[in-house]
Amino acid sequence: MRALSSRVLLALLPALAVSQSSPSAPLANPTQVPCPNVPLIRSAGPPAQQSLSSGESSYVSSRADSVLPDAWKAYLDNVNAASSPPLPRYVAEILTCPSEGLPKLGIATSGGGYRAAFFGAAALTSLDGRNTTSVAKGTGGLLQAATYLAGLSGGSWLTLALSQANFPTFPELIFPPAPATSPAGDPNAAFGGFIPQFDITAPGPTAQDTLAYIEVLLAESKAKQLSSGLPITITDPWSRGLARHFVNGTTAQNVLGNGTHGAGILLSGLTSLPSFQAHAQPFPIVVVNSIPPNPNVSEIVPGDSVPLTSEIWEFNVFESGSWDPSLGSFIPTALLGSTNSSNCMAGLDQVSFIQGLSSNIFNEFNVSGGSLQASPIGPLVSLVEASFPGESVRYDAGAVPNPFKGVNPATYTNANEDFLALVDGGSDGEVVPLQPLLVRARGIDTIIAIDAAADTTENFTNGTDLINTAKRAALFGAQYPFPAVPATPAVFVQQGLNRRPTFFGCDEAPGTPMVIYIANGGPPLDGGAAPVTNTSTGQTTYSPQEAQAFLDQAYAIATQGIDGTGAGWGTCLACAVVDRARARRGAVREGVCAACLARYCWTPPGSQGSHGAPHRPRGATTTNIMMRGDDR
């Protein structure tokens, strides 16, 4: 492999440079700025009394006051139009009386590369009130009524692509109806779609084209290093590749050519978007894991790479940090990378960089000796090494200056570290980003968990992620309330809980959210089609035809209900969404809602729940209960 030539680098750096003379110029690369005259670190408070940031609290409150009442009413109209028999009276009373407390809904969309991004997009489409098919099914409108949308890894690609593109419909997001064009002077204004026909790391029709493309990614990484003084890691070129697919500024026409490719689009800058200003989109959150300096191997779930006890990091538009009691602190996302009160860093929160951190699975490879060279990213590694000779490049994690150095030294595992080693948000085995939605300060009633992890050798889901979330939540006592779930993947598979929607926590104590689980556990239950949604996490290119076939089948899975026909699914989904609010009112489940929860709720063995034996749909099986078969 040849090094990044000085000719290429010199030619590219002017286009990548940032004008610091204009305060309105986008920060295409991180740079040092004077610190504001305010404390950089916010303590979230003691575990039992944690609080939201003022920015998040204001956004959620304004959305609840100005948007959600109409959103819930519109959703109710959709459900009523599709429901037979009619819903109990208390459903309408709950959804049309905001003064008595509307449901608070969070949605979590899992990791798993393009597979997860596509599956999540299809599932969210089924909840989108702008989709006429979903409206007719009685499921459309829940996306507009949700308060939070969390993603990790491939789910972070989807979540932040949707948010930064100003919350378009999903067909517009993935396959824009016309070639994207940007207003003069704003090359980042338009989103060109996922462009899945171009591979993320090797898009060229020839090896020479791909080599030139990677050289550009490395030049952009070098520009970041020169501007910020930060060390190079594998996440830097990886995130610049992701920018061509999941951030504004790239089209199918310029994916291999010149362009800003999303440079300067910051997570903290999304607050200026029209849809954010209007409180029209759910509050976006991205989850990332960290590698502790001295990990306890006994705390690592077999097949994963990060201990369950390691801090979980979240990034949102206002602040970044961890709710875990070992730290319980946050820094403004706009100042991510700042480590003191005199010289701060701005511009590190590039949307593509956050997506790259959340999907950095390279720590799963053996990075010693020649093992990494023989891994799937071996060619990229060779180019990185040749392009940055004599530098210590970290291949297993992204590096972010540790703003919390010295904080809580008795409990915080990274208290003595200069840099945080950040990796894929599912590296601890929790591939569905549920933890941010369990934070008590957020008060979430119901979580729709969209799971497209590759738990089996066939790249299907078997409930492992919920099991690991339950294990981790149990380590923190009451801080992260989570409902009971089956103890093993075998139970998920035997009872078909991974093949059809399942409600967990139907009879849990107040304060524990109900989890509505929608999983990519197999092909549609009607048995009419071969599976196409169990692609490898390592598949980083899809033809438009492959992508559309995947989306169509994933939509069928998300709307099939308990028996594969979809009959009554919209009604039962509505019953689940309002159930916590029903309990607060002291109303009794009745009518079709009592029947729905009896069918869809999973009752732990030996409990006194009011739901009968688990329903076993067509396709439930005791076979294929395998260990994880793919990178997640």
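A salt bridge is counted here where a side-chain nitrogen of Lys or Arg lies within 4 Å of a carboxyl oxygen of Asp or Glu. The side chains of K224 and D236 meet in such a bridge, with 2.6 Å from N to O. The model is predicted, so that local features need pLDDT of at least 70 and side-chain atom pairs count only at pLDDT 80 or more, while totals for chains, interfaces and linings use all residues. Residues are numbered from 1 along each chain as its sequence is written, and side-chain values use heavy atoms, with hydrogens and water left out.

**Salt bridges**

| Pair | N to O distance |
|---|---|
| K224 and D236 | 2.6 Å |
| E220 and R240 | 2.8 Å |
| R585 and E100 | 3.3 Å |

Helices (H or I, at least four residues) and strands (E, at least two) are DSSP runs, numbered from the N terminus. The pair of E220 in helix 10 (residues 207-228) and R240 in helix 11 (residues 235-246) links parts of the chain 20 residues apart. K224 in helix 10 and D236 in helix 11 are 12 residues apart.

Burial is judged by relative accessible area, with buried meaning under 20%, exposed over 50% and partly exposed in between (1.4 Å probe, protein chains only). K224 counts as buried at 10%, D236 is buried at 3%, and both E220 and R240 are buried.

The bridge between R585 and E100 joins helix 19 (residues 579-585) to the loop between helix 4 (89-95) and strand 3 (105-109), across 485 residues. R585 is partly exposed at 29%, whereas E100 counts as exposed at 52%.

**Cavities**

A cavity is a set of points on a 1 Å grid over the protein atoms alone where a 1.4 Å probe fits but cannot get out, and its lining residues have an atom within 4 Å of a point. Grid points are joined across faces, edges and corners, and a volume is the space filled by probe spheres set on the points.

A search of the whole structure finds two cavities of 30 Å³ or more. The largest has a volume of about 60 Å³, and its lining includes W313, F315 and L420. Strand 6 (312-316), strand 7 (319-322) and strand 11 (419-423) each give two or more residues to this lining. The second largest cavity holds about 40 Å³ of space, and among its lining residues are V287, D428 and E430.

Definitions and conventions:
On a 1 Å grid over the protein atoms alone, a cavity is a set of points where a 1.4 Å probe fits but cannot get out, and a pocket is an open set with protein on both sides within 12 Å along at least five of seven lines; lining residues have an atom within 4 Å of a point.
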